[in-house]
Amino acid sequence: KSCLKIIEQNGVKINYFKSKLLWELFIFSNFFFNIIKLFYNFINIFKLKFKNEKNSTLIYLDSMPYIDFDKSDDKNLLNFYEWLANFLNKNYKINNKIVFIHDNKKILDKKNNYTSNFEVKFLKEYFYLGLNIKNYVLAIYNSFLIIFKYGFKFTLILDEIIKYKYIEKDKSILPHFAFFNNGNMTLQPMWSKLKNKLNEEMSFVFFYSTNIIPVVDKPKDCPNLYGFRLHSWDNYIFLNDNQRDWVEFSSKRKFKSTVINDYIPFEGKNTVIPATRKKRIAIFDVPPRDIFRFYNYYHMYNIYSLDFCTKFFRDVTSAIVDTLDDVEIFYKIKRNLSETSNDYKKLIFEKKKENNFHFFSEEISAQSLINSCDALISIPYTSTAYIGEKLKKPSIYYFPGDKKLDTSYFSNNIDQINNKDELILWLKKNL
């Protein structure tokens, strides 16, 4: 109700009766969904419990994208698993075998043959494998006692409570560490608050993206929809100090953190692009969503409109062609095109017909393209500019607006240009 009052104070008409009715309906439907899931978990009785190898470190990975390191051509660039193995070795002196477990069925089970000793395994419902019926029934019983004590609305997290109570009775199934990422960071799973086998805090949330701040003139004054004030994480991994400062400001609390001053190679396979005599420039945008998603799902001050992104793309590609005679343009799609504006897709596909324009799918890592190019131009404030900086490539943000944006919470080493003439001068200077 307090949230509805805030919305009403901002000029939106509220029907409190219908809102309450929909809220109650949501709670009941969620309750029945959790009951179905509760009984469904019993099938795990017939599945073998995963037994980790002796003297190996078990790492739980949440919300993993498709990363197949076996298909990577460029072994000089680290994939995510290798990066994480190095992080654990450097910060926690872990140099034995590491077993990464996840629930993305697209990622095949693999054993690493390169720089680090690790294994990647797909395990759906890992905690319930080889279900202990006694512990599970007791967990259900204790969970319903909590619901009866604190109110029916807590059935919204019934599944979370049951899992917590179940794991609490047998902590041997806990991983040594659990890593979550900024793609799914708002609410921390209850079980991840438990201490690991060595009675240590085991959960981390890491940021693979720099784009976690409202891209507006004054981000501090803008409504923050990233849910930082709901966070209960104890350990963060940040790319840089600016990122840490923003999360501290937004969450209004202090926490433990590690600042790596580097980028995290989180998505895509690493590939080798054969060198040529031509200059290569990589451009990275944020494709505008279709009208329905743009107006219904996104921040009210979201700058990535069709007009803004179109101007970015046209200004950048024309500036490159006007400045350089013999040049290749690398363009990597940021996300699945099915949700992208149709007008923007037409613009991209029309450009794709040109011989010097090379289109790369989302399966290719951004670091591969950046490593193979001579310079890169990014829309504010995508992570690619930061990766380019770390790979020592000329890197710039191009903001086709009236004035430059506040960069105080982004990397201070990357300049921002906001008109085409300046962009042309930058290209001439760096190429």
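**Exercise 1.** Which residue forms a salt bridge with Arg-289, and how far apart are the closest N and O atoms?

*Solution.* The model is predicted, so local features need pLDDT of at least 70 and side-chain atom pairs count only at pLDDT 80 or more, while totals for chains, interfaces and linings use all residues. Residues are numbered from 1 along each chain as its sequence is written, and side-chain values use heavy atoms, with hydrogens and water left out.

Step 1. Apply the criterion: a salt bridge is a side-chain nitrogen of Lys or Arg within 4 Å of a carboxyl oxygen of Asp or Glu.

Step 2. Arg-289 pairs with Glu-339, and their closest N and O atoms are 2.4 Å apart.

Step 3. Arg-289 is in the loop between β9 (279–284) and α7 (291–297), and Glu-339 is in the loop between β10 (327–332) and α9 (342–352), so the pair links distant parts of the chain, 50 residues apart. Helices (H or I, at least four residues) and strands (E, at least two) are DSSP runs, numbered from the N terminus.

Step 4. Classify exposure, where buried means under 20% relative accessible area, exposed over 50%, and partly exposed in between (1.4 Å probe, protein chains only). Arg-289, at 16%, is buried; Glu-339, at 27%, is partly exposed.

**Exercise 2.** Is Lys-351 buried or exposed, and which residue does its side chain meet in a salt bridge?

*Solution.* Step 1. The partner is Glu-354, at 3.1 Å from N to O.

Step 1. With a relative accessible area of 13%, Lys-351 is buried, whereas Glu-354, at 34%, is partly exposed.

**Exercise 3.** At what angle do helices α8 and α12 pack, and how far apart are their axes?

*Solution.* Step 1. Axes are lines fitted to C-alpha atoms, for helices over the stretch in contact, and angles run from 0 to 180 degrees between N-to-C directions. For α8 (residues 306–323) and α12 (residues 420–430) the angle is about 45° and the axes are 10 Å apart.

Step 1. The two helices are therefore oblique to each other; angles under 35 degrees count as roughly parallel, over 145 as roughly antiparallel, 65 to 115 as roughly perpendicular, and the rest as oblique.

Step 2. List the contact (heavy atoms within 4.5 Å). Residues of α8 in it include Val-316, Ala-319 and Ile-320, and those of α12 include Leu-423, Ile-424 and Leu-427.

**Exercise 4.** Which residues does a cis peptide bond join, and what is the phi of Lys-93?

*Solution.* Step 1. Most residues other than glycine have a negative phi, and most peptide bonds are trans.

Step 1. The cis bond joins Pro-380 and Tyr-381, with omega about -15°. Tyr-381 is in the loop between β12 (375–378) and α11 (383–390).

Step 2. Lys-93 has a positive phi, near 55°. Lys-93 lies in the loop between α3 (80–92) and β2 (98–102) and is exposed, at 65% relative accessible area.
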